[in-house]
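Dear colleague,

I am passing on the structure that we spoke about, and I would be grateful if you could look through it before reading my notes.

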Amino acid sequence: MGDPPGAATFRTPAEAYDRHVGRYGRELARALIGAAGLRPGHRALDVGCGPGALTNELVDLLGAEQVAAVDPSVPFVEACRRRLPGVHVEVASAETLPFEDSAFDHALAQLVVNFMTDPPAGVRELQRVTRSGGTVAAAVWDYAEEMTLLRRFWDAALALDPSAADRDEGRCMPFCTAEELGDLWSTAGLAEVRVRPVVVAAGYDDFEDLWQPLELGVAPSGAYAASLPSERRMALKAELRRRLGVGDEPFRLRARAWIATGHVRK
Ligand SMILES: C[S@@+](CC[C@H](N)C(=O)[O-])C[C@H]1O[C@@H](n2cnc3c(N)ncnc32)[C@H](O)[C@@H]1O
């Protein structure tokens, strides 16, 4: 398989990620954990943990010693380790997980499947490290429609630069529809596959608060914004602000994701 769109854009400081898409992470993590049916006493793996939004929620429910996490981004792994002492956090990719068969009750991947180099191999690995009857679960943004921040961002970018179409995450991200994500789970051989929508929200102090992390080049959207010469970047900023209809007052944005769950066959 070729390189996925944008995986390299997460080799940035964790704080930049926190202020961009990371704002939605904790609420999304709670929904993912609920859908996967985790209970105290279970052992769980967070694949593609980033700076640790889902890891943190797993620790709150299960305790640090019951949680492990991996991510290929060194700065994100370092941040996750720093933030969550006691959690086993390693630099690794979904496609080659450094764990034994059936090591966990559940394996979860939040906003990661679409960035994997080889998603079928990644899902096979999530399955391999999960005990029979355990849950393999993932969340992927609805990039094409109701992830408001990213949808408005790419709409603004396309209005000014039609050649950005191949970078629009609503077009280039795999598995960002319920059907495609469900097929990935079913084809992997998981049982009782279910895909459901979840809507989360994040708050911003003002438009600057939303815009600043984009200038830091984090995630595919930030990488695109940071790549523009200053005049075009300022035009994009103005267009995004206009399309969001926000300004100097606090506001909230909603974001829809798809959550897929399935059980490892006995
Ligand atoms: C959008 S971030 C999500 C981070 C975190 N799960 C969260 O919800 O905040 C995508 C993450 O996937 C990681 N990633 C990219 N390719 C990966 C792969 N092949 N296996 C595992 N993680 C990967 C990135 O380094 C990044 O941390």
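The notes below begin with the ligand and then turn to individual residues.

The model is a predicted one, in which local features need pLDDT of at least 70 and side-chain atom pairs count only at pLDDT 80 or more, while totals for chains, interfaces and linings use all residues. Residues are numbered from 1 along each chain as its sequence is written, and side-chain values use heavy atoms, with hydrogens and water left out.

The ligand

There are 19 residues around the ligand, and of these Y17, G48, D71, A94 and Q110 come nearest, where a residue is taken as near if one of its heavy atoms lies within 4 Å of the molecule. By class, this shell is made up of 11 nonpolar, 6 polar and 2 charged residues; here Ala, Val, Leu, Ile, Met, Phe, Trp, Tyr, Cys and Pro count as nonpolar, Asp, Glu, Lys and Arg as charged, and the others, Gly among them, as polar.

An N or O atom in the side chain of D71 is 2.6 Å from an oxygen atom of the ligand, and a polar side-chain atom of Y17 lies 2.8 Å from an oxygen atom of the ligand.

The space taken by the ligand is the largest pocket. A pocket is found on a 1 Å grid over the protein atoms alone, as an open set of points with protein on both sides within 12 Å along at least five of seven lines, whereas a cavity is a set of points where a 1.4 Å probe fits but cannot get out. A molecule sits in either one if more than half of its atoms lie within 2 Å of its grid points.

Backbone angles

Two residues other than glycine have a positive phi. F175, with a phi of about 65 degrees, is placed in the loop between α7 (169-172) and α8 (178-187), helices being DSSP runs (H or I, at least four residues) and strands likewise (E, at least two), numbered from the N terminus. F175 is buried, at a relative accessible area of 12%, where buried means under 20%, exposed over 50% and partly exposed in between (1.4 Å probe, protein chains only). A219, whose phi is near 65 degrees, belongs to helix α10 (residues 219-227) and, at 5% relative accessibility, also counts as buried.

Polar contacts of D105

D105 is part of strand β4 (residues 104-110) and is buried, with a relative accessible area of 15%. Its side chain makes a polar contact of 2.6 Å with the side chain of R131, and a polar atom of that D105 side chain lies 2.6 Å from the backbone nitrogen of R43. A polar contact is a pair of N or O atoms within 3.5 Å; within protein, one must be able to donate a hydrogen and the other to accept it, and residues adjacent in sequence count only if both atoms are side-chain atoms.

Pairs separated in sequence

W211, in helix α9 (residues 207-215), is buried with a relative accessible area of 0%; W211 and R19 are 192 residues apart in sequence and 9.5 Å apart in space, C-alpha to C-alpha. C172, in helix α7, is partly exposed at 25%, and its C-alpha atom is separated by 9.5 Å from that of N114, 58 residues apart along the chain. P51 is in the loop between β1 (44-47) and α3 (53-62) and is buried at 5%, with 11 Å between the C-alpha atoms of P51 and R11, which are 40 residues apart along the chain.

With best wishes

How values were computed
On a 1 Å grid over the protein atoms alone, a cavity is a set of points where a 1.4 Å probe fits but cannot get out, and a pocket is an open set with protein on both sides within 12 Å along at least five of seven lines; lining residues have an atom within 4 Å of a point.
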